[in-house]
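Please review the briefing below alongside the sequence and the coordinates.

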Amino acid sequence: MQPDERTAFLGSLIGKPYKIGAEGPHEYDCYGLARLVLANVFGAHLPARRGAMSLYRGCKRVAGPVDGALVMMDNGTGRHVGVWLDPEGGCIHALDGVGVIFEHLPMLEMRGYSCKYWTVS
């Protein structure tokens with residue numbers, strides 16, 4: 001995907017509403033959005049459903065954020081997932097009560113998330 005196509009595609013997702021279990025095209029939950037972004041922008045594929053074990057199959061833990069990495073977030077009350085975007089320098093994710101947003105790491109930390117990063121093969 002060319003940089004201008006990437007920007008347009010990702011920009012078209014911002015502001016879409018959150019709905020648990022939704023995989024688009026009008027609503028997303030965090031996993032449905034991560035699947036879409038990884039497939040369309042990075043050509044990587046996640047399993048169709050969200051089982052914790054199936055999510056990590058084919059993934060490799062990395063020390064820090066890299067373009068296209070899954071951002072596994074935990075705030076002590078539940079887990080959440082997004083996709084790290086470089087050169088944008090942040091994470092696109094679908095948040096309950098907010099919808100699809102892009103946030104830099106300091107904002108994720110302000111929300112109480114600790115982040116771990118995984119690449120998808």
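**Sheet, cores and a buried histidine**

E1 and E6 pair in the antiparallel sense over 4 bridges, where pairing requires that DSSP finds at least two bridges between two strands. Helices (H or I, at least four residues) and strands (E, at least two) are DSSP runs, numbered from the N terminus. This is a predicted model in which local features need pLDDT of at least 70 and side-chain atom pairs count only at pLDDT 80 or more, while totals for chains, interfaces and linings use all residues. Residues are numbered from 1 along each chain as its sequence is written, and side-chain values use heavy atoms, with hydrogens and water left out.

**Sheet**

- The open sheet has 6 strands in the order E1-E6-E2-E3-E4-E5, with antiparallel pairing.
- Strand E1 (59-62) and strand E5 (99-103) each have a single partner strand and stand at the edges, so one side of each lacks a neighbour in the sheet.
- From one strand to the next, the twist averages 35 degrees; axes are lines fitted to C-alpha atoms, for helices over the stretch in contact, and angles run from 0 to 180 degrees between N-to-C directions.
- Cys59 stands opposite Val120 in E6.
- E2 is joined to E6 by 5 antiparallel bridges, and Met73 has Cys115 in E6 as its bridge partner.
- Strand E3 (residues 79-85) and strand E4 (residues 90-95) run antiparallel and are joined by 3 bridges, with Val83 opposite Ile92 in E4.

**Helix packing and cores**

- Helix H2 (residues 30-42) lies across strand E2 (70-74), E3, E4, E5 and strand E6 (114-120), at about 20 degrees to E3.
- A nonpolar core is a set of buried Ala, Val, Leu, Ile, Met, Phe, Trp, Tyr and Cys residues joined through side-chain atoms within 4.5 Å; the largest has 24 residues, of which Leu13, Leu33, Val37, Leu70 and Ile92 touch the most other members.
- Helix H1 (3-13), H2, E2, E3, E4 and E6 each supply at least two residues of this core, and the largest share, 7 residues, comes from H2.
- A second, separate core of 10 residues includes Ala69, Trp84, Leu95 and Ile101.

**His93**

- His93 lies in strand E4 and is buried, with a relative accessible area of 0% (buried means under 20%, exposed over 50%, partly exposed in between; 1.4 Å probe, protein chains only).

Note on methods. Contact means heavy atoms within 4.5 Å.
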